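Please look over the sequence and the model shown below before reading on.

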Amino acid sequence: MTGNEWYNIPAEVSLIKTLDQLFKPDRLVTRDIERTHFKSNLISLYFVRELSLREAALGALLGRILTFSSAEYPNLKAISDQEDDLYGVVVYFDLDKYRDQLVLEYKMIYPKYQLLPIEKDLTDQAIEFYHSLLTRPLLVDGLFDQEIFQMEKDNLMEELASIQKDPEAYTYRQCNQAHFASSNLGIYKYSDIATVRQISNQELVAYYHDLFDSLVFRYRHGDFLHHSGGVGLRPASLPKLDKLMQKTHLEEERKLNQSVLVQAYQTDIEHTQPDSQAAMLFSAILGSYSNSVLFRTIREQLGYCYSIYTKYDKYRNVMFISVAYQESNHEALVSKIDQLVKQIQAGQIDEDDFAVAKLETIQGLKSLADRQETMLDYEFIQDLFGKTDSIEDRVRQLEQLTLTDITRAAGSFELMTSYHLKGTR
């Protein structure tokens, strides 16, 4: 079925198999995960696109418009009323990115109707509702309703503008863009104002039709009996990321009560390597929880900052340190961060810090299975990157890590990019 024929499917034919028929068989990945102890079921479609500013702008805007209305449900109230009539169904679109892949997500959570005190199983009606928002949008003369299109476009640009006003979010975005200036890896998942402003109604409709030719993952989580087992999984074929050779340190002044610094540390540890787990634990020891080395020393003991934390992205081979502080503490703060990083790289790791960070990281992994959305997203990301280790496998790997492993992984990190938003008030 081509991207121009999908809409010919009759409205009354709406079971899951029909959703599968919307996509090219060689571009469709399906997986069922049976978890009978939940009181709800979850269906998720992941449309995988190549990351670019244009794709991000189109995906972000399309998700908003499809969320707002459809041919059968022409406004948010109609959609909300139908969700209530179906006893708490929740449908939503969102956008995320993983390395250089942009992913448009469409999810529905619906109750197991056999557990409710109602006479009729409404599963088919829930799936039809889910189906209709995606496949029967509100079109006027072949375009999205112009008023809705313009309203959602303005809302998206307003949201992007708000990032400019949030010092920490802004600095993080700027550091990302500077660190990955030679590739698309630093693009924000919702694009930028200039690109969104250029999107026309005609272009968005064309993008919508093209979406059905994407690589698509259709996953279900809950009380499902027919396991598809990952049909059509593609092998991992991601190229090794090039290392940056030049260090970049940027500074911008703004009239703010505080300053913000974001540092990007590069590593050559790929997500497929065993040391990726040790790198994640290094980041946790350094700054990923409330009693981490950076937080305890720089914020609590020295009082140099308001907040400080690390974020490790194993798919982009980078760890960020973000800190908000008084500008008068800048030199002492930067020096202390450098000292603490180098101490861990030299093997000076407190055993209690190691044990607590390991426990926190393991508990965080285990908690992914507590919510259907996070569990399904985990399985999707694993399949997207051709990985087979389960949460239980990763927990075992973490439990086996030693201080020597952490020291070795930490030694591979090098500060390459920093963005200093200097408060001048």
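Which residue is the bridge partner of Leu45 in β7? In this predicted model, the partner of Leu45 is Arg218, and this pair belongs to the antiparallel pairing of β2 with strand β7, residues 215–222, which extends over 7 bridges. β2 also pairs in the antiparallel sense with β4, here over 11 bridges, and within that pairing Arg49 stands opposite Leu102 of β4. Strand β2 is mostly covered, since 10 of its 11 residues are buried.

These pairings belong to an open sheet of 5 strands, whose order is β1-β7-β2-β4-β3 and whose pairing is mixed. Because β1 (28–34) and β3 (90–98) each have a single partner strand, they stand at the edges, and one side of each is left without a neighbour in the sheet. Direction ignored, neighbouring strands of this sheet are turned by 15° against each other on average. Strands of a sheet pair through backbone hydrogen bonds, in either the parallel or the antiparallel sense.

Helix α2, residues 53–68, lies across β2 (40–50), β3 and β4, and runs at about 175° to β3. Another helix to consider is α8, residues 201–211, whose buried residues are Asn201, Leu204, Val205, Tyr207, Tyr208, His209 and Leu211.

What of the cysteines? The structure holds 0 disulfides. Cys175 is in no disulfide, and the nearest cysteine sulfur, that of Cys305, is 17 Å away, whereas a disulfide would call for two cysteine sulfur atoms within 2.5 Å. Cys175 is buried, with a relative accessible area of 0%. Cys305 is likewise in no disulfide, the nearest cysteine sulfur being that of Cys175 at 17 Å, and Cys305 counts as buried because its relative accessible area is 8%, where the limit for that term is under 20%.

Cys305 lies in strand β10, and, leaving aside residues up to four places away in sequence, it touches Ile298, Arg299, Val323, Ala324, Tyr325 and Leu333. The C-alpha atoms of Cys305 and His420 are separated by 14 Å, although the two residues are 115 apart along the chain.

Strand β10 leads on to the largest pocket, as it is one of the elements that give two or more residues to the lining. Rolling a probe the size of a water molecule over the atoms shows where empty space is left. About 1,200 Å³ of space lies in the largest pocket, which is lined by 31 residues, and of these Lys311, Tyr312, Asp313, Lys314 and Tyr315 lie nearest its centre. The elements giving two or more residues to this lining are β3, α6 (167–179), α9 (275–287), β10 (305–313), α12 (351–366) and α13 (372–384), and α13 gives the most, with 5 residues. The edge strand β3 thus takes part in the lining of the largest pocket as well.

Definitions and conventions. Residues are numbered from 1 along each chain as its sequence is written. This is a predicted model: local features need pLDDT of at least 70, side-chain atom pairs count only at pLDDT 80 or more; totals for chains, interfaces and linings use all residues. Side-chain values use heavy atoms; hydrogens and water are left out. Two strands pair if DSSP finds at least two bridges between them. Helices (H or I, at least four residues) and strands (E, at least two) are DSSP runs, numbered from the N terminus. Axes are lines fitted to C-alpha atoms, for helices over the stretch in contact, and angles run from 0 to 180 degrees between N-to-C directions. Contact means heavy atoms within 4.5 Å. Buried means under 20% relative accessible area, exposed over 50%, partly exposed in between (1.4 Å probe, protein chains only). On a 1 Å grid over the protein atoms alone, a cavity is a set of points where a 1.4 Å probe fits but cannot get out, and a pocket is an open set with protein on both sides within 12 Å along at least five of seven lines; lining residues have an atom within 4 Å of a point. Grid points are joined across faces, edges and corners, and a volume is the space filled by probe spheres set on the points.
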